[in-house]
Amino acid sequence: MPTISPPDKPAFISCTACRLRKVRCSGERPACAHCTKRGDECSYDATVRRRGPDKQQGARIKHRQGRISGLPVGPAGQLRKTMSESEGCSAGCVAWVEVINRPPVPYSAGDAAPYPMYSPPGHAAEARELVWTQLLEDFDPDPAIAVQLIAERCARFVDVSFDDAFGWHSFLSQTVFFHRLYSDDARAPHLVFAFLAHVTFLDEGRGDIGGQTRALQYALDAHRMIAHQLVAGSKCPTLAQAALLLATFEAFPSVWYSMSRSAAAVIYADDCIRACLPLRLDAAHPHVARDLLALPPARAAHFARPDASASASDGGPRVRAWSSNAAWPAAANLTELLKEEMRRTCWTASQVACTKSIWRKLGRKPMLRLAGTDPTKFALLFPGEAAFLERGEHELGKVSVWALCHRAVSLWHLVASHPVSAADRARALEQARMIEADVEEYATQAKLSNYAWQAREWALAVRRHLMTGIDPTRVSHWYDWQLRILSQIAIDQPGVPRAAERPAYGWWYLLQAYSAVEFSQLDPAFAAKAERVLDYSYHALDSIVTAWPCPPLEQLVVNLRHRHLQFRQRLRSAPPRA
């Protein structure tokens with residue numbers, strides 16, 4: 001499996017064209033990657049003109065090399081063995097599972113720093129400020145200009161990456177993030193590094209290994225910064241958020257992707273969540289869900305629809321054009337926004353872990369045992385529920401499309417990772433059927449959204465896990481639903497990001513294609529619908545693997561085509577049905 005290692009010595013001189021365009025230069029000679037790609041003339045100054053105390057040539061790059069890599073990750077450099085030997089955990093995977101001095105100590109109410117912002121211990125605060133200063137200097141000698149350039153790049157994160165991975169990034173509030181960015185006492189460079197990893201990968205990594213390498217360097221910087229902050233005793237919630245962003249970063253199809261590496265990133269995020277986030281933040285709240293198997297169905301007359309005006313405050317134009325996100329608390333109260341961010345981070349982490357468990361199940365690998373991303377341990381309001389409570393709409397928070405999605409994810413965690421009694425199995429099946437019916441009702445009343453089809457997918461996954469047979473009517477509905485979704489997102493059309501612009505969706509297309517073949521093998525009557533699902537999936541997958549070379553994904557597509565061909569041959573040779 002080819003791997004990528006960050007360059008040993010990042011360039012400290014930008015070419016003239018990159019400096020004028022204010023983009024990060026890769027520093028290759030005679031022409032850098034940007035100029036080669038754009039066909040521009042590439043030239044470098046003979047000497048570097050700098051302001052400030054570090055005027056000596058090469059001083060800044062020396063600082064950058066020591067900025068992150070010099071931060072301690074533990075006195076003995078121990079490694080936490082999170083994966084089995086049979087999975088072949090590579091050196092790239094090991095980078096995610098470095099252990100700090102001691103196991104993370106779970107967050108407790110007694111440790112809670114006063115709102116509105118967490119103040120880390122002295123060592124962590126000093127390191128954070130040092131890294132932030134060096135990050136600014138990487139962008140521009142003038143701190144004000146550097147902050148503005150970083151803000152522009154981070155704003156791109158919303159428009160490019162916010163909707164790229166099934167809504168996995170909607171736990172971040174732009175209001176809170178930019179407050180941190182411009183506030184001297186609340187900056188989070190590890191979060192900025194994670195943002196830059198995503199944006200650099202999507203902006204510069206398409207068909208460009210150099211761009212992917214630069215993105216990986218940002219991701220490694222974020223990881224090392226998180227590890228150092230945890231060693232210093234910090235329990236800042238942004239550490240968990242940055243770790244979760246790194247876990248979703250590892251879902252991108254790339255030349256370094258591996259299942260072991262991706263799983264290790266999820267495990268690391270789970271550790272950070274247990275250490276930094278209060279999983280029972282709303283334990284005393286009278287409206288928090290107490291029993292996942294006793295939640296109400298949605299009523300058509302009171303269906304909680306997406307609020308376009310609410311989503312506009314924290315989503316870019318492309319996000320609003322295709323999917324709607326849960327509303328944030330309307331009151332200008334930073335404390336409530338921070339609490340809502342922490343809730344959404346926990347719920348999103350459970351969704352990411354759920355997706356990972358599905359892939360491991362399909363790959364016949366053992367399920368990950370994660371504590372911080374297990375919603376059965378949560379005492380949290382659902383995403384957007386606080387906004388409903390704020391308006392006095394107490395019932396709608398648990399039947400919104402976002403709540404239905406996370407209710408279905410929670411059911412999967414419950415039935416797939418815990419022993420359940422016969423009575424609880426029956427209740428889980430009833431909840432799954434209820435969610436499917438609610439989503440179908442929702443789809444008739446409002447525009448189909450990202451969360452709606454995810455809710456139905458997870459509800460069906462729960463039913464498939466608990467039931468030995470299949471219901472032909474339900475399977476037929478599944479095909480119809482997939483064709484409806486695929487016709488909207490697998491082919492290029494106005495208002496929807498193109499397939500190649502959402503590389504992380506490649507794994508979902510692959511899953512739907514395998515499911516289509518599996519269902520048609522069980523009942524050949526679905527062969528025609530399966531062919532249509534496969535046509536859409538192949539179209540999207542071909543676009544993705546062409547733009548984002550990824551050997552594991554490419555091999556899985558080859559395997560899928562081979563399996564599809566075998567099914568066609570068996571279908572032709574089968575005797576006609578009476």
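Contact here means heavy atoms within 4.5 Å.

You are looking at a predicted model, in which local features need pLDDT of at least 70, side-chain atom pairs count only at pLDDT 80 or more, and totals for chains, interfaces and linings use all residues. Residues are numbered from 1 along each chain as its sequence is written, and side-chain values use heavy atoms, with hydrogens and water left out.

**Stop 1: the whole chain**

Switch to a cartoon view. The secondary structure comes to 22 helices and zero strands; these are DSSP runs, numbered from the N terminus (helices are H or I, at least four residues; strands are E, at least two). Of the 578 residues, 57% count as buried. Buried means under 20% relative accessible area, exposed over 50%, and partly exposed in between (1.4 Å probe, protein chains only).

**Stop 2: confidence**

Now color by pLDDT, the predictor's confidence in each residue, from 0 to 100. The chain has a mean of 75, and 74% of its residues reach 70 or more. Among the elements, helix α10 (residues 237-249) has the highest mean, 92, while helix α4 (residues 91-94) has the lowest, 33. Select residues 1-11, where pLDDT stays under 50 and the model has 24 contacts beyond four places in sequence. Then select residues 52-116: pLDDT stays under 50 there too, and the model has 124 contacts beyond four places in sequence. Where pLDDT is low, the predicted coordinates should not be read in detail.

**Stop 3: the nonpolar cores**

A nonpolar core is a set of buried Ala, Val, Leu, Ile, Met, Phe, Trp, Tyr and Cys residues joined through side-chain atoms within 4.5 Å. The largest one has 153 residues, and V192, I226, F249, Y479, Y509, L553 and L560 have the most contacts inside it. Highlight helix α16 (residues 401-417), which gives the most to this core, with 12 residues. Another core, of nine residues, lies apart from it; I13, A17, C18 and C35 are among its members. In soluble globular proteins, nonpolar side chains tend to be buried together.

Zoom in on V192 next. Not counting residues up to four places away in sequence, V192 touches W132, L135, I150, C154, F177 and L181.

**Stop 4: aromatic pairs**

Show the rings of Phe, Tyr and Trp (its six-membered ring), which pair if their centres lie within 6.5 Å; planes under 30 degrees apart count as stacked, over 60 as edge-to-face and the rest as tilted. The count comes to 20 aromatic pairs. Begin with F177 and F195: their ring centres are 4.4 Å apart and their planes are at 15°, so the pair is stacked. F177 lies in helix α7 (residues 174-182) and F195 in helix α8 (residues 189-204), so the pair ties together parts that are 18 residues apart in sequence. Both F177 and F195 are buried.

Then pick Y505 and Y509, a tilted pair with 6.4 Å centre to centre and 50° between the planes. Y505 is buried, at 0% relative accessibility, and Y509 is likewise buried, at 0%. To finish this stop, select F201, F249, F252, W256 and W548 together; they form one aromatic cluster.

**Stop 5: helix α9**

Select residues 209-231. Helix α9 has 23 residues and reaches 33 Å from its first C-alpha to its last, close to the 33 Å expected at 1.5 Å a residue (the expected span is 1.5 Å times one less than the number of residues). Of its 23 residues, 20 are buried, leaving α9 mostly covered. After α9 comes G233, whose phi is positive, near 100°.

**Stop 6: two buried residues**

Go to S476 in helix α19 (residues 472-489). S476 is buried, with a relative accessible area of 18%. Its side chain makes a polar contact with the side chain of K529 (3.0 Å); such a contact is a pair of N or O atoms within 3.5 Å, where, within protein, one must be able to donate a hydrogen and the other to accept it, and residues adjacent in sequence count only if both atoms are side-chain atoms.

Last, select A452 in helix α18 (residues 450-466). A452 is buried, with a relative accessible area of 0%. Leaving aside neighbours within four places in sequence, A452 is in contact with V401, V439, Y442 and W481.
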